[in-house]
Amino acid sequence: MNNKPTHLLLFTFFVFTILNTSAQNLSANVLDSITQQPIPYATVQLKEKGVITNEEGNFNFILNETIQESDSLIISSMGYETLAKPISEFTSSRILLVPKAIELREVIVSNKNYTADEIIDFVVENLDKNYKTDLTKKRLFHRSSNFDRWTKSDFKVKKSSIDILNQQFLDSVITTVPKDNSYYSEIVGDLYGNPHEDLLKLNLLKASKLFDKSKELDAEKLEEKFNEILRENVKEGSYFKIKSGLFGTKIDAEEVSEFLEEDIDSTDVAAANEQLEKKKKDKELQQKNYANWKKSQLNNIFNNLPTQEDNDLNFIVKSRKYDYTLQEFTYLGNDAVYVISFKPSGSADFEGTLYINADDFAVLQIDYSNVKPVKKFSLLGISTNTYLSKGKVIYQKDAFDHYGLRYYESEVGERIGVRRPLKIIEKNKIVKGKNKQNELSGDMDFVFINVVKNELIIFESDQIDQATFDGFTENNAVSPTYMPKYDPNFWEGYAIMEPNTAIKEFKSTTID
């Protein structure tokens, strides 16, 4: 009997029903078979393509016409038995991995009984061999998540000779500033070059931005209101002296409200055309600036990996600053790995865990977090405190036995405080007699917290030659699509890192 129709039915059922996806996508949740807890950052491989589960154990895979019912889906994670079977045999959107118990003594059977410090020395000695910096073309997905929160925003007026600039007015301005906000930016693109040699080109394919417009500070309305006050209360020839403690600067009144000098007749066709042309150029500039901004973010990530020299994550290249302990021996897929924990031996900033290949001493995975503020600054009422810095880095071996970045995640939190006196004095160069015209003085006390999370996944990485790099022209024509709420269909057809629940449930209070 021919079983092909039955197999096709199973395959169709798997794709459309069991994994709850469209015909182009395959999604599931990977769990620990004993605890039923999600397994984050597990590798999911289908033929030559691969993805990684997110922090909630979810993944989303792009299917195409080359996928066959007999193709195996391979799922592996540190400390678990690798699961590999044809996709037509999966019968649930909940995929269970079985924990693998590995005894440390097994390492003695296959390798010398190295100490943790000796293993780290081998890691450092082999960095140049294991991590090459050749020219490549990388297909990637990058998500940047920003979270802002004002914990204090006070300005106490001591003196004001302009009646409308009183405590009530300034309090009303401060209340217009959103107390908390979140912003998500996502891109898919091809990154050409070698960031370590400052050779980088970005081909943006698609981009999105997700935020609540109702929480944006309406700077134009505030500027218009202040300009109206200045126009009614400030004399011709005035300038402002702004002082905060020992510091001061001079600003001409004309610089505060440049738009007051503009007088363009809306009926002037030439002026209207000029405005349209300016808007077009502004859009082109914004697109170019967006692409350059994203390229700069990616460049910063690649140049600050723990396997690179001269970076803040120095727990590998500056091993003398850390104490290392060999915790266990386990497997990541088919790779035997040492699991080594580290903590500061003195004034270093981080603690965490290194997963090191037992054969070639390449670092396969790093988990780290800070044990104290990474950076602190305080002077004359201005303070900054980088109180949070944690992340995960996963590397993968390529066809040439070299290792490259597979997945990167970092979360950095900073507290910024300003507690200073402020005085704004209007002086005049024309009015005879008393030079001083008006004055506003008071005390400001602001505290602002910003947390930035970056997630980067490399789906494909191919070596290219110099001629290919030189011949490629960057695409700066892609602008991010604004979304007031998460749209699961936006990335249809593109491989991405599955979003977490917070992103999926995000919804602007103002829907455009």
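Which residue in strand 10 is the bridge partner of Val 188? In this predicted model, that partner is Lys 206. The pair is one place to start reading the structure, and the strands around it come next.

Strand 9 (residues 180-194) and strand 10 (residues 199-211) run antiparallel and are paired over 12 bridges. Strands of a sheet pair through backbone hydrogen bonds, either parallel or antiparallel. Between strand 9 and strand 10 lies a hairpin with four residues between the strands, where Asp 198 has a positive phi near 60°. Strand 9 also pairs with strand 8 (residues 136-160), again in the antiparallel sense, over 14 bridges. Here Arg 139 has Asp 190 of strand 9 as its bridge partner.

Strand 18 (residues 382-397) and strand 19 (residues 403-428) form an antiparallel pair with 15 bridges. Gln 396 stands opposite Gly 404 of strand 19. Five residues separate the two strands in this hairpin, and among them Asp 401 takes a positive phi near 65°. Ile 382 belongs to strand 18. With a relative accessible area of 37%, Ile 382 is partly exposed. Together with Phe 377, Leu 379 and Leu 380, Ile 382 makes a nonpolar surface patch of about 370 Å².

Other nonpolar residues lie inside. In soluble globular proteins, nonpolar side chains tend to be buried together. The largest nonpolar core in this model has 55 residues, and those touching the most other members are Phe 315, Tyr 338, Leu 354, Ile 356, Ile 366 and Leu 456. The element that gives the most to this core is strand 14 (residues 335-344), with six residues. A second core is separate and holds 35 residues, including Val 44, Ile 75, Ile 394 and Tyr 407.

Gln 45 has Ile 74 in strand 5 as its bridge partner.

Notes: Residues numbered from 1 in each chain as written. Predicted model: local features only at pLDDT ≥ 70, side-chain atom pairs only at ≥ 80, totals over all residues. Heavy atoms only, no water. Core = buried A, V, L, I, M, F, W, Y, C linked by side-chain atoms within 4.5 Å. Buried < 20%, exposed > 50% of the residue type's maximum accessible area, 1.4 Å probe, protein only. Pairing = 2+ DSSP bridges. Patch = residues over 30% accessible without salt bridge, like charges linked within 9 Å, V, L, I, M, F, W, Y side chains within 5 Å. Areas by Shrake-Rupley, 256 points an atom, 1.4 Å probe, with all protein chains shown as cover. Salt bridge = Lys/Arg side-chain N within 4 Å of Asp/Glu carboxyl O.
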